[in-house]
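Please look through the sequence and the structure below before reading on.

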Amino acid sequence: MRTANEVATVGNLLNRVGSLKASLLGGPKEFHSSVNVLAPAVIPVEVDFTKGKFAAIAGELLKATGSLRFDFQVSLGLGFTFGVNTGGEFYIKDPSLNVRLSVNDDPLPAINADQKELSASNDRRSSYRNGQVISLSEGDSEAVKFTVVGDATFDADANQTKIIVAESIDAITLTHRIRPTFDLGLSMYDLISARIDDGVMDLNVEFSLVSKGEMVRDSHNSNFTGSLVDKSGNALQYRPTFSGTNGDTPLLMSYRPPEMS
């Protein structure tokens with residue numbers, strides 16, 4: 001809410017409304033808004049390579065140890081661009097449906113260095129258990145590993161998972177991202193083996209379905225003209241984006257020659 005003495009400017013509008021962004025192409029009177037219509041849902045997934053179909057298929061040829069445990073997150077949003085044209089008329093255009101899928105990609109919403117407490121958004125208790133090694137990284141810098149002490153707890157009011165670690169976190173800032181790690185081993189006839197200890201995996205995939213259309217509000221009768229759906233045959237545009245990394249994942253390999261009789 002704007003205070004009595006606050007000047008109404010574009011900068012103040014962008015600061016007050018977090019879902020708004022200034023358009024890079026439409027000039028100072030055009031904005032883009034994105035609104036979540038489905039709050040991010042967290043789906044815990046655990047894949048144990050020593051059980052089930054994988055172990056049955058591998059048989060005696062391949063032997064696997066360890067498991068992958070991660071949180072799969074999905075969110076759904078609506079986006080649109082609006083502004084005021086050179087004739088002083090309000091317009092809205094290019095509505096979009098945005099779907100974002102992510103795995104193990106979490107910012108740090110809070111840090112309590114005195115208590116060695118880190119936080120992760122949403123209910124992430126399944127990924128941060130007692131003895132679990134977690135990874136924190138900032139940009140392209142080398143990841144730092146920490147060990148969870150006790151099972152994580154969930155604060156429903158703040159929608160945050162609280163994680164206590166054994167090591168000092170004085171050097172950690174809110175610009176770091178937190179990720180669980182995994183251990184995975186694979187051997188072939190006990191001759192060739194590969195193992196990942198404290199590996200890190202994260203993934204971001206976003207799909208946007210954009211309708212190229214525009215509606216303009218007539219300044220004389222307040223009616224809207226035009227259509228948000230372009231009927232020229234190029235109405236929908238599909239815009240996928242992808243990012244991911246294996247983080248700081250050491251791969252250890254070994255070979256044991258067979259014994260000769």
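## Salt bridges and a hairpin

A search of the whole structure finds four salt bridges, a salt bridge being a side-chain nitrogen of Lys or Arg within 4 Å of a carboxyl oxygen of Asp or Glu. The model is a predicted one, in which local features need pLDDT of at least 70 and side-chain atom pairs count only at pLDDT 80 or more, while totals for chains, interfaces and linings use all residues. Residues are numbered from 1 along each chain as its sequence is written, and side-chain values use heavy atoms, with hydrogens and water left out.

| Salt bridge | Distance, N to O |
|---|---|
| lysine 93 and glutamate 30 | 3.5 Å |
| aspartate 94 and lysine 212 | 3.1 Å |
| aspartate 197 and arginine 195 | 2.7 Å |

Lysine 93 lies in strand β4 (residues 90-103) and glutamate 30 in strand β2 (residues 30-48), 63 residues apart; strands are DSSP runs (E, at least two residues) numbered from the N terminus. Glutamate 30 is buried at 6% relative accessible area, where buried means under 20%, exposed over 50% and partly exposed in between (1.4 Å probe, protein chains only). Lysine 93, at 22%, is partly exposed.

Aspartate 94 is buried at 16%, whereas lysine 212 is partly exposed at 26%.

Strands β8 (residues 133-137) and β9 (residues 144-147) pair in the antiparallel sense over four bridges, pairing requiring that DSSP finds at least two bridges between two strands. Valine 133 has threonine 147 in β9 as its bridge partner. Six residues separate β8 and β9 in this hairpin, and glycine 139 in the turn has a positive phi of about 60°.
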